Amino acid sequence: MSTAPLAGTAPDPRVLDRFAAVVGSAHVVTGDRIGPDYHHDEALVGTPVAPRYLARPATAEETAELLAVAAAAQVPVTARGAGTGLSGACRPAEDGLIISFERMAAVLDIDVANQVAVVQPGVTLADLDAATSPHGLMYTVFPGELSASIGGTVGTNAGGMRAVRYGVTRHNVLGLQAALPSGQLVRTGGKLTKMSTGYDLTQLIIGSEGTLALATEITVRLYPRPAHSATLMAVFTDLPAVMRAVPEVLRTGVAPTILEYLDTTTMEAISRAQDLELGIAPEVRAAAEAYLVIGLDNRERAPLDTGIGLLGELLDTLGALDTYVLEGNSARLLIEAREKAFWSAKASGADEILDVVVPRAAMPEFFDGATALARAVDARLVGCGHAGDGNVHMAVYCRDDHTREALLHRVFALAIELGGAISGEHGLGRIKTAHFTALADPVALALMHGIKQAFDPAGILNPGVVLDGKVLG
């Protein structure tokens, strides 16, 4: 990603005064005072953009008022949490306003009786984990970066390794308060585990990447924190063998918390990056082409041990070269290393990261097809992913922008042909929206445009994200 930001024009003094009247002049920044961290997220492609304005509201009401001012002045608005996204969704417009939620980062309530937490959007996953731990509870969405904000995970419908058991963000957010471009606030859902009353506005806003409304308060589901855990690492001679093992593991009813695959290149990269020593026998490592990592947890030790034994025997019958049971520090280090796979790929010079999702049974066919497409243009795909839910994470090594975009378009088309989608959890952002527009069902796109119009008639919320855009070549 280029480090030279695109710069917008000078701020309009009248608009600046209106923003300052809402949040106070100390909390509105313009020009060179907006630091470079606000110009981009963690997407590997795309040029950073210096926005015209940055405002830091302290309340939901201030957020709604900022949107009303922006709508009246036709200033595009991009919401920002921690900036950990991978698709450019919080990269601002050069003539736009960033609304940063760093001043709205309070855990408002831990409701033990209802097993929910109510938080502001700037609360990070690490903050929430620390707040729920003393109560023996946890929020189960862990997309791999604990510094991510809850508001950001709502925007992208983030998932992570635990989704195979607990689901993604939309399965764990029960209600929202959200600010609309009209200047109004709306409440959706609540401390309810089910509701069949009207349209589900909560689910519309989740995953909309800041294009419909900005979440200002979020009610999330909590689960009991397990006391015991273990990780199994099975070594296989090829990736298809891993994929054949996945449905068999799930069929046992053991209910793994984590079910991940890693190709041997990725395993070696994260092991080097994290100085990870897993005790794999040299002859096994030499024959390995793929790994299956299974995380188990339970509040009681006996059921955990039963699950370990059952899966160990099963993996042996499924052709695993060897299976290692990791507990304590070894298990923790492996999972942490897997969570940092993006940083390992970035350090190794990856040009893009994909998070395509396909039906679980279609993963071998997708791998074969995507690999062939890459080989045809002298590109390389390396990866890991959530084997339990068909979410494929691939590092793409292809330096030429035009060639890479054309390759990605073919890979996305293959995923859709197999019944999948372009993104499983990172979102479309500014990086993949053009591909989505070109490949999506026109009827579905028309409905989405209608929804966008209903929420955001002025078109100020993250224009160019989710809808519209152009594909290279």
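Q: How many salt bridges are there between domain 3 and domain 4?
A: The count is zero, a salt bridge being a side-chain nitrogen of Lys or Arg within 4 Å of a carboxyl oxygen of Asp or Glu. This is a predicted model, in which local features need pLDDT of at least 70 and side-chain atom pairs count only at pLDDT 80 or more, while totals for chains, interfaces and linings use all residues. Residues are numbered from 1 along each chain as its sequence is written, and side-chain values use heavy atoms, with hydrogens and water left out.

Q: Where are domain 3 and domain 4?
A: Domain 3 covers 226-342 and domain 4 covers 349-456; the bounds come from an automatic or database domain assignment.

Q: How many residues of each are in contact?
A: 15 residues of domain 3 are in contact with 16 residues of domain 4, where contact means heavy atoms within 4.5 Å.

Q: What about asparagine 391, buried or exposed?
A: Asparagine 391 is buried, at a relative accessible area of 3% (buried is under 20%, exposed over 50%, partly exposed in between, with a 1.4 Å probe and protein chains only).

Q: Which residues does asparagine 391 touch?
A: Leaving aside residues up to four places away in sequence, they include Tyr261, Asp355 and Val356.

Q: What lies 3.0 Å from a polar atom of the side chain of asparagine 391?
A: The backbone oxygen of aspartate 355 does. The backbone oxygen of valine 356 lies 3.2 Å from a polar atom of that asparagine 391 side chain.

Definitions and conventions:
A polar contact is a pair of N or O atoms within 3.5 Å; within protein, one must be able to donate a hydrogen and the other to accept it, and residues adjacent in sequence count only if both atoms are side-chain atoms.
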